[in-house]
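Colleague: I am new to this structure and would like a close look at a single part of it. Please take me through it in connected steps.

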Amino acid sequence: MNQLTKTVSTQDSSDTRIAIWDNLKAFLIICVVLGHMIDYFDTKHQILKQVFFFIYLFHMPLFFFISGLFSKSIIRKEPFQTYRIIHYFILYLILDIANRVAEDISANGLFHTTNMRGFTLIGTKGAAWFLFVLPIFLCITRLLRGVAPGLVLAISVLIACFAGYDKEIGDPFCLSRILVFYPFFYLGYWLNPKQVSDLAHKKNSRIFSVITLAAALFIIAFGIDSVYAYRPLLTGRNPFTEIPHSNLGFLIRGFYYIAVCALSFSIISLTPKKPTFLTKTGQRTLQIYCYHRVLVSLFVNLGGARLIKHLAPSLWIYLYMAVSLVIVFLLTWKPLILPIKKLKDWCHYS
């Protein structure tokens with residue numbers, strides 16, 4: 001069982017891993033890259049709105065759930081591996097700066113840094129926020145490891161459901177995202193990876209999953225104009241005032257948790273348990289996550305989307321989304337993990 005307790009970002013050899021989780025992580029990192037590409041155009045095109053809403057329903061909750069599943073060795077090990085926390089925070093700072101610089105250069109030219117004026121050390125609206133939140137989750141769960149799991153989960157859900165009423169809980173220190181996504185991380189920490197996989201792949205679970213996924217796709221396909229108003233709820237960083245019926249925010253977020261758990265379970269259930277062509281990609285999600293935002297920003301802002309639209313006006317949306325796959329597979333190049341590993345080693349032995 002010790003081989004199961006690997007964190008989501010660990011780059012281990014394939015013989016110590018379980019294929020289903022690498023397959024799932026590969027799918028999720030594709031969703032992350034695709035979501036960041038769609039974010040530039042989603043409000044202008046119906047199909048992009050549909051894909052964006054579907055992705056954001058589950059991709060970050062599932063990533064945090066998997067992180068929790070494989071964080072047990074970090075959280076329970078004595079002494080606490082603080083170097084891992086430092087490693088994540090340094091990565092966050094580097095990536096946040098790099099992403100802002102890339103946006104500035106591609107939008108304003110090499111010597112303009114307007115975006116950096118909004119730089120802050122206490123939280124971010126950019127793609128690097130995951131690396132700010134994850135080490136905080138590890139520390140919180142370390143502190144709570146002696147408390148009854150059911151109690152922690154129940155209280156964390158209640159706090160998240162009420163937090164949306166406070167407009168001051170937002171991007172600073174990523175506080176809103178911490179409160180909203182922590183229940184998914186803790187649920188993963190509480191559960192056993194093998195038991196989750198075995199349950200998800202039972203026949204009845206598969207039937208439930210097909211029905212749930214079909215229902216979600218049907219609602220999004222034919223009711224996107226109605227449900228899209230709830231997009232701010234999916235990012236985890238907005239107060240209830242940003243969504244319809246904000247006075248019912250507590251109930252809406254409660255329904256969100258139920259819907260996301262059902263959809264996430266369905267996706268786990270339909271993920272292949274055996275190695276696939278995506279398995280290696282799932283073993284390298286950290287490096288893809290670290291590098292992708294800069295590439296996406298440069299591609300879009302330097303005219304990549306306009307070029308595709310010019311060359312294939314009737315198919316450009318589909319070709320544009322396909323670029324996300326190209327970016328993902330380019331970033332699976334193994335040497336790209338070396339700087340990240342070097343930084344981790346430096347944090348460990350400094």
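Is Ser209 buried or exposed, and why does it count as such?

Modeller: Please keep in mind that this is a predicted model. Ser209 has a relative accessibility of 0%, and because buried means under 20% relative accessible area, Ser209 counts as buried. This serine sits in helix α9, which covers residues 203-227. Once its neighbours within four places in sequence are left aside, the residues in contact with Ser209 are Phe265, Ser266, Ser269 and Leu270.

As for Phe64, its contacts, apart from neighbours within four places in sequence, are Trp129, Phe130, Val133, Phe137, Phe181, Phe184 and Phe185.

Helix α2, residues 46-69, also packs with helix α1, residues 19-38, at an angle of about 140 degrees and with the two axes 9 Å apart. At that angle, α1 and α2 are therefore oblique to each other, and α1 passes α2 in a left-handed crossing. Among the residues making this contact are Trp21, Leu24 and Phe27 of α1, together with Phe52, Phe58 and Phe63 of α2. Sorted by class, the contact of α1 with α2 has 20 nonpolar residues, three polar ones and one charged one.

Conventions
Residues numbered from 1 in each chain as written. Predicted model: local features only at pLDDT ≥ 70, side-chain atom pairs only at ≥ 80, totals over all residues. Heavy atoms only, no water. Axes fitted to C-alpha atoms, helices over the stretch in contact; angles between N-to-C directions. Helix = DSSP H or I, 4+ residues; strand = E, 2+ residues; numbered from the N terminus. Parallel < 35°, antiparallel > 145°, perpendicular 65-115°, else oblique. Left-handed = near helix turned anticlockwise from the far one by under 90°. Contact = heavy atoms within 4.5 Å. Nonpolar A, V, L, I, M, F, W, Y, C, P; charged D, E, K, R; others polar. Buried < 20%, exposed > 50% of the residue type's maximum accessible area, 1.4 Å probe, protein only.
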